[in-house]
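Visitor: Could you walk me through this model, please, and spell out the cut-offs as you go?
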Amino acid sequence: MKTITIKEQAVCHHKNANEPKGRVNKMHQIQMKRVYEEAAKSDGFRVLVDRLWPRGVKKEDLPYDWWPKDITPSKESRKAFNHEAERMEEFTVAYQSELDDNPFSEEFIAKIKEELKNQPVTFLYAAKNPKINHVVLLKEWAESQL
């Protein structure tokens, strides 16, 4: 019998335990991408998840669907972190707390969940390092809320 994960929604009717019948509709994934990379159809719903507009990018030149500034780290957390690897652990605790206490979090997750039903969601960010930035944490947190 096929095991269906949390991220799958299924409508199955079984002839026997080993043969699923009907459609299995997988929820799309959350992706991360730098704003400086070219947009692609596979990006799906593009969400700018930086509080500040990316340097060197004209607003009319960046294709995005939503800019929820309220889900980004506070100014204080962002400045204390400063994208420094040795501060990542401390920043992780601070930003996780901000996300958990943020009154906008529920609306943010609801919107992401709704979009994932139909297409991938891509979190857009400007940071140079794809592993030492708040978007890694936001993606992990969002996925844990789905």
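Guide: What follows is a chat about the fold, the sheet, a pocket and a few loop residues.

Visitor: Before the details, what kind of model is it, and how are residues numbered?

Guide: This is a predicted model, in which local features need pLDDT of at least 70 and side-chain atom pairs count only at pLDDT 80 or more, while totals for chains, interfaces and linings use all residues. Residues are numbered from 1 along each chain as its sequence is written, and side-chain values use heavy atoms, with hydrogens and water left out.

Visitor: OK, how many helices and strands does the chain have?

Guide: The chain has four helices and seven strands, where helices (H or I, at least four residues) and strands (E, at least two) are DSSP runs numbered from the N terminus. From the N terminus on, the order of the elements is β-β-β-β-β-β-α-α-α-β-α.

Visitor: And how much of the chain is buried?

Guide: Of the 146 residues, 38% count as buried, with buried meaning under 20% relative accessible area, exposed over 50% and partly exposed in between (1.4 Å probe, protein chains only). As for contacts, meaning heavy atoms within 4.5 Å, residues 24 or more positions apart account for 58% of those with a separation of 6 or more.

Visitor: What is the strand order in the open sheet of three strands?

Guide: The order is E5-E7-E6, with parallel pairing, and two strands pair if DSSP finds at least two bridges between them. Strand E5 (30-34) and strand E6 (45-48) stand at the edges with a single partner strand each, so one side of each is left without a neighbour in the sheet. Neighbouring strands of this sheet are turned by 30° against each other on average, direction ignored; the axes are lines fitted to C-alpha atoms, for helices over the stretch in contact, and angles run from 0 to 180 degrees between N-to-C directions.

Visitor: How many bridges join E7 to E5?

Guide: E5 and E7 pair over five bridges in the parallel sense, and Lys33 has Leu124 in E7 as its bridge partner. E6 is joined to E7 (residues 121-125) by four bridges, also running parallel, and there Leu124 in E7 is the bridge partner of Leu48.

Visitor: Which helices go with that sheet?

Guide: Helix H3 (residues 105-116) lies across E5, E6 and E7, running at about 130° to E7. Helix H4 (residues 134-145) packs on the sheet and touches E5 and E7, its direction making about 170° with that of E5.

Visitor: Is E7 mostly covered or exposed?

Guide: E7 is mostly covered, since five of its five residues are buried. In a regular strand the side chains alternate between the two faces of the sheet. In E7, Val121, Phe123 and Tyr125 point one way and Thr122 and Leu124 the other, all of them buried, while in E6 Phe45 and Val47 point one way and Arg46 and Leu48 the other way, and all are buried too.

Visitor: Switching topic, how much space lies in the largest pocket?

Guide: About 630 Å³ lies in it. On a 1 Å grid over the protein atoms alone, a pocket is an open set of points with protein on both sides within 12 Å along at least five of seven lines, and lining residues have an atom within 4 Å of a point; grid points are joined across faces, edges and corners, and a volume is the space filled by probe spheres set on the points.

Visitor: Which residues are closest to its centre?

Guide: Of the 22 residues that line the largest pocket, those are Leu52, Arg55, His83, Ala126 and Ala127. Helix H1 (residues 75-81) gives the largest share of the lining, three residues.

Visitor: Last one, where is Asn133 found?

Guide: Asn133 is in the loop between E7 and H4, and it counts as buried because its relative accessibility is 0%. Leaving aside neighbours within four places in sequence, Asn133 is in contact with Met32, Phe81, His83, Met88, Tyr125 and Ala127.

Conventions: On a 1 Å grid over the protein atoms alone, a cavity is a set of points where a 1.4 Å probe fits but cannot get out, and a pocket is an open set with protein on both sides within 12 Å along at least five of seven lines; lining residues have an atom within 4 Å of a point.
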